[in-house]
Amino acid sequence: MSEMVLDLSEDAQEYGRQALRAFEAAGGDQLVQDAEAKPAIRDSLVGPVLNELGAWELDARTDVDGLEAAAALCRSAGYWALPYPVAERLAKPTDLESDGLIVVASNRPAGAVGGVETRWTAVTSGGTRSTVVGHGATGPAFVTPLELSEIDKNGAGDVALALALPCWTLLGMLDRAIELTIAHVSLRKQFGQPLSTFQGVQFQLTDAEVERSGLEILAKYALWSIGSDKPEAIVDALALRMSAIEAAEVVFRVCHQLHGAVGFCDETTLSWLSRYSQPLRRLPLGLSATRDELTRRAGRSGLTGLYA
Amino acid sequence: MGPKAAELRREIRELVKSEVPEGFLGAFTDDPADLETAQRFCRTLAERNMLCLSWPEEFGGGGASVWEQTVVREEMWAHHEPRGAQYMGVNWVGPIIMRHGTEEQQNKHLPPIARGEVIWCQGFSEPESGSDLASLRTTARPDGDGWLISGQKIWTSYATMAQWCFLLARTHKGEKKQQGLTIFLVPMDDPAIQVRPIRAMLGPHHLNEVFFDDLRVSRADVLGEVDNGWSIVGEVTSFERVGIARYARCERLLAAAPSVLADRWEDLPAELRGRWVRMLTHCRRARLLAYRVVSLQSSGRIQPGDAAGYRIAVTKLDQDSAEVLMEIAAEVTPEDPGAEWFLGEVEDHWRYSQASTVSSGSIEMQRILLSRALLAVSK
């Protein structure tokens with residue numbers, strides 16, 4: 001088994017940077033706004049740039065380089081709140097005729113895939129796989145209820161990756177939210193000086209950054225666990241998901257607060273990032289349900305570490 | 001970390017098991033046997049050439065990799081620092097003397113540290129100078145070819161048992177308060193030094209006040225350059241920031257909790273078990289952040305904000321995990337397996353953790369460093 005490396009490979013990082021530039025050239029922040037106006041055009045809006053980046057040639061399931069590149073791509077997609085279910089597409093199972101995999105809660109299956117018509121597969125955290133045969137109306141942030149037709153119960157091994165990749169998307173959103181907030185507090189003046197000179201502002205930023213950097217390193221750990229086929233990969237992915245949701249709560253709370261009223265305006269990118277982070281944080285399981293599931297799976301042995 | 005580090009971890013655990021009594025809660029309790037345990041353990045480590053494993057071979061060390069050093073830090077802290085106060089000499093006093101000491105100072109101080117014979121204390125904080133360390137008032141005034149030092153230090157760990165003090169004093173009033181400070185290496189048995197213990201919740205023999213009343217020092221006692229001690233202080237604090245692997249003790253205690261409660265673990269409120277697994281996740285997070293700092297340090301790419309972010313995460317983990325552990329401990333009965341050990345460890349951990357966001361650079365100082373680094377990006 002390979003040793004865990006703390007950062008993505010240089011190739012994956014470079015691919016992530018290319019993707020950032022490509023998404024910017026394709027419309028950047030405008031993409032999500034256009035897609036919200038017309039969810040049905042999501043595919044035509046973002047499909048070409050993802051094709052150019054070779055997104056669908058990445059093999060995240062059996063090739064470690066592909067896995068790292070997929071994570072980097074998700075992170076870059078999150079940075080621009082790219083209106084496309086990139087993580088779900090990249091998590092597709094290898095043994096089914098399918099274009100993407102959505103982890104769902106068994107009692108209320110839903111996904112942020114409204115307007116993207118393709119061969120979707122759904123899987124519960126217990127491993128029951130279904131074909132998505134229909135969906136309801138598209139609600140906020142492209143979330144739509146899914147109609148499922150059960151295929152088999154062989155999907156347990158598919159879940160960890162399908163939980164982890166959306167966390168990389170969320171990480172990209174947090175990267176951006178903090179970047180925007182740093183820029184805002186450096187420019188915006190009150191009482192004759194930039195907000196960034198106030199310690200009350202500085203300390204809130206550090207709360208956000210500690211959460212963001214902690215999420216980043218747990219995301220890498222989970223990726224390594226998944227790529228090494230470790231039996232506890234699902235526990236590691238759930239631990240990552242719990243931390244991702246907690247980090248998102250802290251980061252968006254701080255970033256909204258420090259942006260002030262302008263952060264709620266549609267002309268401000270934070271407003272879009274914040275709204276579009278919601279499906280990633282609530283589906284398939286919100287914070288409490290994720291922690292319950294993690295606690296159940298971790299049992300009494302906890303997480304693999306120095307003493308377990 | 002590699003196979004060498006894993007083998008070292010196994011070796012250290014075996015040694016601790018054979019040399020340190022179960023229930024050892026550090027060297028600073030009311031029981032003098034605990035101090036003797038620590039002193040004996042240091043000598044044993046020294047005999048096996050393991051005490052100064054991290055030191056370069058030219059100074060009698062083991063030339064260990066940064067990952068082997070990390071293993072030592074983790075295992076020692078997880079097992080209640082059986083090196084007692086000597087970890088400080090090994091971790092940073094020795095390495096700083098290697099960098100800045102004269103050949104004479106190196107010959108005088110490094111071998112006793114390496115043999116596990118000597119305890120150092122750090123004379124930095126003063127009653128009026130905590131986070132604002134450079135404002136300190138302890139003064140070394142010129143006298144003949146040396147100086148006379150007068151003033152007071154406080155919160156000085158291990159001063160009652162130390163043979164030497166790494167002392168920061170003002171030799172000159174510079175334009176900036178960071179100028180004109182000098183480091184002296186002074187013997188604690190000098191009659192001009194008086195130590196007064198401060199009993200505290202961290203451990204009854206841990207904190208002290210130290211008074212200097214015309215302590216005579218010479219040029220030979222100066223470490224580095226006169227008036228330029230502040231640059232060395234910066235190096236000391238950067239050693240200290242990753243010096244203690246607090247996450248390792250948190251993780252060891254959290255991992256032990258289910259076996260202590262045995263069948264009753266599942267009867268705990270689900271919410272408490274949820275907080276437990278959350279703390280384990282935070283242990284993993286802090287450990288990986290520590291590894292990133294170690295990796296950046298060893299490749300020379302470290303920025304001031306990098307260690308600060310880790311320190312914020314690990315010191316908060318220390319306190320948060322202590323609260324969760326205390327709540328679990330309240331469910332333990334004296335008949336449970338390992339109850340006495342677990343309850344003693346957890347109670348001690350909780351008391352000690354109260355200081356983790358205060359000592360060795362408060363969390364506020366870490367936040368200042370981290371926010372500076374974040375905001376520098378936008379300039």
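**Entry 1: a term first.** I call a residue buried if 20 or more other C-beta atoms lie within 10 Å of its own, with the C-beta atoms placed from the backbone. I also noted that this is a predicted model.

**Entry 2: a strand in chain B.** I started with β4 of chain B, residues 164-170. How many of its seven residues are buried? Seven of the seven are, so β4(B) is largely enclosed by the rest of the structure. Then I checked which way they point. Trp164(B), Phe166(B), Leu168(B) and Arg170(B) go one way, while Cys165(B), Leu167(B) and Ala169(B) go the other.

**Entry 3: who pairs with β4(B)?** Strand β1 of chain B (residues 120-123) is joined to β4(B) by four bridges, and the two run parallel. Here I found Cys121(B) opposite Cys165(B). I also looked at strand β5 of chain B (residues 181-187), which runs antiparallel to β4(B) and is joined to it by seven bridges. Leu168(B) has Ile183(B) in β5(B) as its bridge partner.

**Entry 4: zooming out on chain B.** I counted 11 helices and eight strands in chain B. Its radius of gyration is 21 Å, close to the 21 Å that the globule rule gives for 379 residues, so chain B is as compact as a globular protein of that length. The C-alpha trace spans about 75 × 55 × 40 Å along its principal axes. Of the 379 residues in chain B, 48% are buried. I also looked at contacts between residues at least 6 apart in sequence: in chain B, 73% of them join residues at least 24 apart.

**Entry 5: domains of chain B.** The domain assignment gives me domain 1 (3-118), domain 2 (121-235) and domain 3 (245-376). I looked up domains 1 and 3 of chain B, and their C-alpha centres lie 23 Å apart. Their contact takes nine residues from domain 1 and 11 residues from domain 3. On the domain 1 side I got four nonpolar, two polar and three charged residues.

**Entry 6: over to chain A.** Chain A has 11 helices and seven strands. Its radius of gyration, 19 Å, is close to the 19 Å that the globule rule gives for 308 residues, so chain A is as compact as a globular protein of that length. Buried residues come to 55% of the 308 in chain A.

**Entry 7: a sheet in chain A.** I traced an open sheet of five strands with mixed pairing, in the order β1-β3-β4-β5-β2 of chain A. Which strands stand at the edges? They are β1 (100-104) and β2 (110-111) of chain A, each with a single partner strand, so one side of each is left without a neighbour in the sheet. β1(A) runs parallel to strand β3 of chain A (residues 120-124), with five bridges between them. One pair I wrote down is Ile102(A) with Ala122(A). Helix α6(A) packs on the sheet, touching β1 and β3 of chain A, and its direction makes about 90° with that of β1(A).

**Entry 8: where the chains meet.** The contact takes 31 residues from chain A and 33 residues from chain B. On the chain A side, α6, α7, α8 and α11 each give two or more residues. The largest share, 11 residues, comes from α7(A). That side of chain A divides into 17 nonpolar, 10 polar and four charged residues.

Notes:
Residues numbered from 1 in each chain as written. Chains lettered and ligands numbered in written order. Predicted model: local features only at pLDDT ≥ 70, side-chain atom pairs only at ≥ 80, totals over all residues. Rg over C-alpha atoms; globule rule 2.2 N^0.38 Å. Buried ≥ 20, exposed ≤ 12 C-beta atoms within 10 Å, placed from the backbone. Contact = placed C-beta atoms within 7 Å. Nonpolar A, V, L, I, M, F, W, Y, C, P; charged D, E, K, R; others polar. Domains from an automatic or database assignment. Pairing = 2+ DSSP bridges. Axes fitted to C-alpha atoms, helices over the stretch in contact; angles between N-to-C directions.
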